[in-house]
Number of protein chains: 2
Amino acid sequence: MIFGTVATPTVTLGEGNTPLVASGVLARQLGRPGLYFKLESCNPTGSFKDRFAAAEVRAMQAAGHRFCLASSSGNTGSALAAYCARGGLRCHLFVTDETPEDKVLQARAYGAQVYRVAGYGNDPRAAADVDALLLRIAGDHKVPFVVSAYRYCAESMEQLGTISHEMVSQLGFVPDHVFVPVGGGGLLTAAWRGFKTLHGAGRIGRLPRVHGVQPSGNPTVVNAWQARSRDVPPVVSTTRISGLIVPFDVDGALALEAIYESGGRAVAVSDESIWAAQRVLSTGEGIYAEPAGSASVAGFGEAVRAGWIAESNRVVCLVTGHGFKDLRSVDSLARDNPLRLVTPDRIAALDFDAAAPR
Amino acid sequence: MIFGTVATPTVTLGEGNTPLVASGVLARQLGRPGLYFKLESCNPTGSFKDRFAAAEVRAMQAAGHRFCLASSSGNTGSALAAYCARGGLRCHLFVTDETPEDKVLQARAYGAQVYRVAGYGNDPRAAADVDALLLRIAGDHKVPFVVSAYRYCAESMEQLGTISHEMVSQLGFVPDHVFVPVGGGGLLTAAWRGFKTLHGAGRIGRLPRVHGVQPSGNPTVVNAWQARSRDVPPVVSTTRISGLIVPFDVDGALALEAIYESGGRAVAVSDESIWAAQRVLSTGEGIYAEPAGSASVAGFGEAVRAGWIAESNRVVCLVTGHGFKDLRSVDSLARDNPLRLVTPDRIAALDFDAAAPR
């Protein structure tokens, strides 16, 4: 039997080391040639959450856990479901009213048990109550309650700082600005800490400004930043951008701290401008992103228009999640480019020289 | 104006350098600890075709083309649509009766004009006629007719050989067996040539056996291999595995040649065994693959049962496409793991210790 001698494969699916690509169309349109995208959408389950989930499942395995409770608006759920499947853990996943069906389907396909909780979503008090309840129940079962947030799983969140390490190594320089979508706020926090670690170790000589982008319908961090406050009061969320509906302070105060420390800003953008960014990424850059993953690009556009990005600045936008994560949004962006049904005898008469609808 | 001095960014989305991961559950179940998966699903548009499309679009750009005609059963189409968007080319994409809606949607989202051609699919003569027609019309317009096949675009197909280079470099050794899904046959051909290039350059001391896996409902290469022939007669395809419905010889004869030369085999597997492989990849390994992308794993299982894979053998299965590419298939695999709707007051009473349905 060779079995006994084979080590359990590490819980990894090859997450991280995602592409960093230079912008084409958008860089030209906005007159900012130093624009880059970090494609976290190319992680195995389609979002940056894989970096977190891999670390978290390894920690749960090491602690001898057999199952966990988890809460997610979507991407953490599919990531955790995948890595739990790989690590042999059972995943009980609680999702919100707004979690898109495609993300639920993905988590179910990996074998997670998914529960959609009525009233868990837009309303900050109800959502906080469900989180508290899940935390308590997990405690009763002596298992972890997994949320991709410093507030719950700080150690695994630090793994997201690898994004900043990769960025510097791929670019060969430190960017001037980094734009990050803000839901809970943990990603921005981790990205900033990643840069600080490099700086503290003397591996980079300067630090970027890190900017948080939120939909104007869920402006928790933006409100606080505009008031120059460190408190993040709840809001009633009205945005339709799945993944950025986090109506109360999860890691918002930490993200604010990072923004202040880096000299960054908090930017609010309309849902429409996020969908427009999703469209230009897709049709102009060839990058298939979900709306939440495009928010950084909408925020960058807003910053250029507001005049605080110089032509010579070098900028990275984090594209956090893949287009397949939210096909309803893709459906609406593709609506004006319909599929045509043809019979072979009609093909020769098609007008191929017609200009592309950009 | 800084515009003029900025070089057009190369047409790349960071394709390639995909993860290679060790198997957990399946390696144990089948008693073959040296099993690995190469996750081509982690390419930017979700399949190995990105390596081809990037090269092809760069070549079209260099030749000054403004648009192209292309034919695809799905994954080439979305890849080409993405890289054409990035390269500023218009893509007219002709798809078959069976191309899944999700792949069509993805191509439309990138701005490609997609045409579904009636009668372009299962029937080998009708399909070959449409290909010939498209080739002629493209010629009339003096633009390329792009198909991911040596028969049409040999130079860009060679790019797929990078998969073999990466595999050897990631493993640190040459595997004994490589299992490759066979649709047209070009991927297997390119993978084999990749190994031969390394061998010819003295970078590896031995060669793997390369095996082709087809659904038993589309056994073009399998039939020829069983007859020890070099001819690939057409079949009427009855498989439901999108992407592997190629009922006539595109690169089948080349793939056969590669199989003979490497000492490999051609393996037929049922649609059901492909769906079962998709399921074990997903729930057991945490790998979200489309059915066509799981065929290599079904073929490997068949080979183990047939007795021609030794316990000590080291094996790589190419996982060629992401689960989001064909959500109808994911839907059916997730059917026995339904989403549950709960109200907060019911959560504490849930039975979390229940065994996982594997």
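Guide: Helix 2 of chain A passes helix 3 of chain A in a right-handed crossing. This is a predicted model, in which local features need pLDDT of at least 70 and side-chain atom pairs count only at pLDDT 80 or more, while totals for chains, interfaces and linings use all residues. Residues are numbered from 1 along each chain as its sequence is written, chains are lettered from A and ligands numbered from 1 in the order in which they are written, and side-chain values use heavy atoms, with hydrogens and water left out.

Visitor: What makes a crossing right-handed, and what counts as a helix here?

Guide: A crossing is right-handed if the near helix is turned clockwise from the far one by less than a right angle, and left-handed if anticlockwise. Helices (H or I, at least four residues) and strands (E, at least two) are DSSP runs, numbered from the N terminus.

Visitor: Why is helix 2 of chain A called oblique to helix 3 of chain A?

Guide: Helix 2 (residues 49-62) of chain A packs against helix 3 of chain A at an angle of about 40°, with the axes 8 Å apart. The pair is therefore oblique, since angles under 35 degrees count as roughly parallel, over 145 as roughly antiparallel, 65 to 115 as roughly perpendicular and the rest as oblique. The axes are lines fitted to C-alpha atoms, for helices over the stretch in contact, and angles run from 0 to 180 degrees between N-to-C directions.

Visitor: What is the contact of helix 2 of chain A with helix 3 of chain A, by class?

Guide: Contact means heavy atoms within 4.5 Å, and the residues concerned include Phe52(A), Val57(A) and Met60(A) of helix 2 of chain A, and Leu80(A) and Tyr83(A) of helix 3 of chain A. By class there are 9 nonpolar, 4 polar and 2 charged residues (Ala, Val, Leu, Ile, Met, Phe, Trp, Tyr, Cys and Pro count as nonpolar, Asp, Glu, Lys and Arg as charged, and the others, Gly among them, as polar).

Visitor: At what angle do helix 2 and helix 3 of chain B pack?

Guide: Helix 2 (residues 49-62) and helix 3 (residues 75-87) of chain B pack at about 40°, with their axes 8 Å apart, and they are therefore oblique to each other. Helix 2 of chain B passes helix 3 of chain B in a right-handed crossing.

Visitor: Which strands are at the edge of the open sheet, and how do you know that?

Guide: The sheet has 5 strands in the order 6(A)-3(A)-4(A)-5(A)-11(B), with parallel pairing (two strands pair if DSSP finds at least two bridges between them). Strand 6 (145-146) of chain A and strand 11 (340-342) of chain B are the edge strands, as each pairs on one side only. Strand 3 (residues 67-72) and strand 4 (residues 90-95) of chain A run parallel and are joined by 6 bridges, and Ala70(A) has Leu93(A) as its bridge partner in strand 4 of chain A. Helix 3 (residues 75-87) of chain A packs on this sheet, touching strand 3, strand 4 and strand 6 of chain A.

Visitor: What makes strand 4 of chain A mostly covered?

Guide: In strand 4 of chain A, 6 of its 6 residues are buried, where buried means under 20% relative accessible area, exposed over 50%, and partly exposed in between (1.4 Å probe, protein chains only). Arg90(A), His92(A) and Phe94(A) point one way from the strand, and Cys91(A), Leu93(A) and Val95(A) the other way.

Visitor: Why does Pro124(B) count as buried rather than exposed?

Guide: Pro124(B) has 12% relative accessibility, and therefore counts as buried. Pro124(B) lies in helix 5 (residues 124-140) of chain B, and, leaving aside neighbours within four places in sequence, is in contact with residues including Pro234(B) and Phe248(B).
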